[in-house]
Amino acid sequence: MFRFVLFLLVFCYGCFEYEETILFRKLSSGTVEISYTVPLKKDSNESLVKFLPTSKEEILTSVKKKSNNNLQVRDFTFRELEKSETTDMYFKRKGKVSYKLDFEDPTHLEGVLIGTFTIKTKPRSLSVKRDFPNLTDNAILDSSAGEKKIISETSRLLREGKIQFKVLFPKDSECSSNRGFIGLGNLIYQIPLQDTLENPESKSWEYKIRFF
């Protein structure tokens, strides 16, 4: 709960600070490309957001927490943003991270991606459900006074913040989704962060892909 609050605080100052693209080459394999910007500690390149690390070793450790996954991390990059690239008055130092995860079994993405990712596969199709916490749920009642203050500030600051998700698949496939825009071989969904705080209907995203 509190972890997601901190996540929102980090990303409320830019439009696409977190971007995730899943490429389904076929039913059972593909690649996830992830990129994000995080604030850095004053005297090191370590991320101030524990679950969004800036080192490849930390990412590998996080990915391998599920003992049954065989995800491989590749094309990892990290760089500190130049002062001219950020106007954030709260975080003076920021780092940009990007990497890819190759998978041979899409169920191995469960527990790895942000929010909750669940997938069901059939011989010629797959169904994905993503859930994102809503901070107006009952969980907020268990927050400390300090956490409630952070949540209140986050609600006030979130105006233009979004997270962008892309799903790519063979162009001869068929896709249906309860949210986002479906194009030829792609699905794009942008989450306005304010909605995750205020609109309980915005926290679930489901899509299905049929392969021919």
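**Close-up views: aromatic rings and a charged patch**

View 1. The model shown here is predicted. W205 is buried too, with a relative accessible area of 0%. The rings of W205 and Y207 form a tilted aromatic pair.

**View 2. Aromatic pairs across the structure.** How many aromatic pairs does a search of the whole structure find? The search finds seven. One of them joins Y18 and Y36. This pair is stacked, with 5° between the planes. The distance from centre to centre is 6.3 Å. Y18 sits in strand β1 (residues 16–26) and Y36 in strand β2 (residues 29–39). The pair therefore ties together parts that are 18 residues apart in sequence. Are Y18 and Y36 buried or exposed? Both are buried.

**View 3. A cluster of rings.** Ring pairs link several residues into a cluster. Its members are Y18, Y36, Y99, F165, Y189, W205 and Y207.

View 4. Which residues form the positive surface patch? They are K120, K122, K129 and K208. K208 is found in strand β11, which covers residues 204–210. The relative accessible area of K208 is 35%, so K208 counts as partly exposed. That value also passes the patch cut-off of over 30%.

Definitions and conventions
Residues are numbered from 1 along each chain as its sequence is written. This is a predicted model: local features need pLDDT of at least 70, side-chain atom pairs count only at pLDDT 80 or more; totals for chains, interfaces and linings use all residues. Side-chain values use heavy atoms; hydrogens and water are left out. Patches are made of residues with over 30% relative accessible area and no salt bridge: like charges are joined within 9 Å, nonpolar side chains (Val, Leu, Ile, Met, Phe, Trp, Tyr) within 5 Å. Accessible areas come from the Shrake-Rupley method with a 1.4 Å probe; for residues, only the protein chains shown count as cover. A salt bridge is a side-chain nitrogen of Lys or Arg within 4 Å of a carboxyl oxygen of Asp or Glu. Lys and Arg count as positive and Asp and Glu as negative; His and the chain ends are not counted. The place of a charge is taken as NZ of Lys, CZ of Arg, CG of Asp or CD of Glu. Helices (H or I, at least four residues) and strands (E, at least two) are DSSP runs, numbered from the N terminus. Buried means under 20% relative accessible area, exposed over 50%, partly exposed in between (1.4 Å probe, protein chains only). Rings of Phe, Tyr and Trp (its six-membered ring) pair if their centres lie within 6.5 Å; planes under 30 degrees apart count as stacked, over 60 as edge-to-face and the rest as tilted.
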